[in-house]
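Student: I have a structure open here and would like to go through it with you. Could we take the sheets, then the surface, then the rings?

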Amino acid sequence: TFNYAAGTTSFSETHQYLDDNPTGTASDNVTISLTLTDDDTGSDTDGDTITVSNVAPTLSAVAATNVNENGTTTLTGTSTDPGTQDPFSLVVNWGDGSAPQTFNYAAGTTNFSETHQYPDDNPTGTPSDNVTVSLTLTDDDTGSDTDSATVTVSNVAPTLSAVAATNVNENGTTTLTGTITDPGTLDSFSLEV
């Protein structure tokens with residue numbers, strides 16, 4: 001309710017729309033209804049319709065840590081949305097053939113941090129590989145933004161330990177045994193003796 005002195009012939013008032021309700025639409029029409037009443041109970045009504053449009057969120061400062069095979073990267077970034085009541089979903093494609101993951105954030109969230117394990121540096125036959133992590137941030141009103149980060153996944157050399165061979169007499173057969181340790185759980189091996 002706004003009050004005006006006698007003789008007032010025009011008015012100008014402001015109102016902030018925090019969100020384009022209902023959720024799930026890119027824009028919504030809102031009807032503004034007015035009732036003007038004088039001090040002697042005389043009144044008139046009028047109205048106007050405005051469109052409140054969603055503004056897409058933005059991703060920035062997206063980064064991921066480099067890892068050794070079987071290590072875990074940390075993906076971080078910032079989300080910005082002028083719609084302070086918009087919750088978000090972040091879909092991350094880790095770039096290693098695993099299914100994309102969806103993370104949900106409450107309205108007002110501005111930073112995120114998620115982790116992912118890389119069992120191997122694919123493709124095979126290289127000492128390290130760059131993997132592109134793709135992100136899509138979507139608010140509850142269909143606005144979205146995309147970004148990406150690069151993770152370098154490095155191979156870790158296997159180690160041999162407890163190597164032993166049995167003693168034999170001439171023309172006998174020895175048995176060679178040992179232990180192979182490799183953090184790359186998907187690595188296969190060749191042993192040259």
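This is a predicted model: local features need pLDDT of at least 70, side-chain atom pairs count only at pLDDT 80 or more; totals for chains, interfaces and linings use all residues.

Student: Which residues of E8 are on its covered face?

Tutor: Phe112, Glu114, His116 and Tyr118 make up the covered face of E8. The uncovered face holds Asn111, Ser113, Thr115 and Gln117. As a general point, side chains in a regular strand alternate between the two faces of the sheet.

Student: What about the sheet with 5 strands, what is its order?

Tutor: That open sheet has the order E4-E10-E9-E6-E7, and its pairing is mixed. Strand E4 (67-68) and strand E7 (101-105) stand at its edges with a single partner strand each, so one side of each is left without a neighbour in the sheet.

Student: How do E9 and E10 pair?

Tutor: Strand E9 (residues 128-139) and strand E10 (residues 144-154) pair in the antiparallel sense, over 11 bridges. Within that pairing, Thr132 has Thr150 in E10 as its bridge partner. The loop between E9 and E10 contains Thr142. Thr142 has a positive phi of about 75° although it is not a glycine.

Student: Which residue has a positive phi in the hairpin of E1 and E2?

Tutor: Thr41 does, with phi near 70°, and the hairpin has 5 residues between the strands. Thr41 is in the loop between E1 and E2.

Student: Is Thr41 buried or exposed?

Tutor: Thr41 has a relative accessible area of 69%, so it counts as exposed.

Student: Where is the cis peptide bond?

Tutor: The cis bond joins Asn21 and Pro22, with omega about 5°. Pro22 lies in the segment before E1.

Student: On to the surface: which residues form the nonpolar patch?

Tutor: The patch consists of Leu160, Val163, Leu176, Ile180, Phe189, Leu191 and Val193, and together they have about 740 Å² of accessible area. Strand E11 (159-165) and strand E12 (176-181) are the elements that give two or more residues to the patch. Leu191 belongs to the segment after E12. With a relative accessible area of 57%, Leu191 is exposed.

Student: And Thr181, where is that found?

Tutor: Thr181 is in strand E12. Its relative accessible area is 42%, so Thr181 counts as partly exposed. The C-alpha atoms of Thr181 and Ala162 are separated by 11 Å, and the two residues are 19 residues apart along the chain.

Student: Last topic, the rings. How many aromatic pairs are there?

Tutor: The count comes to 2 aromatic pairs. Tyr4 and Phe11 form a tilted pair, 6.2 Å centre to centre with 40° between the planes. Tyr105 and Phe112 form another tilted pair, at 6.3 Å centre to centre and 35° between the planes.

Student: Are the residues of the Tyr105 and Phe112 pair buried or exposed?

Tutor: Tyr105 is buried, and Phe112 is buried as well.

Student: How exposed are Tyr4 and Phe11?

Tutor: Tyr4 is partly exposed, at 37% relative accessibility. Phe11 is exposed, with a relative accessible area of 55%.

Methods:
Residues are numbered from 1 along each chain as its sequence is written. Side-chain values use heavy atoms; hydrogens and water are left out. Patches are made of residues with over 30% relative accessible area and no salt bridge: like charges are joined within 9 Å, nonpolar side chains (Val, Leu, Ile, Met, Phe, Trp, Tyr) within 5 Å. Accessible areas come from the Shrake-Rupley method with a 1.4 Å probe; for residues, only the protein chains shown count as cover. A salt bridge is a side-chain nitrogen of Lys or Arg within 4 Å of a carboxyl oxygen of Asp or Glu. Helices (H or I, at least four residues) and strands (E, at least two) are DSSP runs, numbered from the N terminus. Buried means under 20% relative accessible area, exposed over 50%, partly exposed in between (1.4 Å probe, protein chains only). Rings of Phe, Tyr and Trp (its six-membered ring) pair if their centres lie within 6.5 Å; planes under 30 degrees apart count as stacked, over 60 as edge-to-face and the rest as tilted. Two strands pair if DSSP finds at least two bridges between them.
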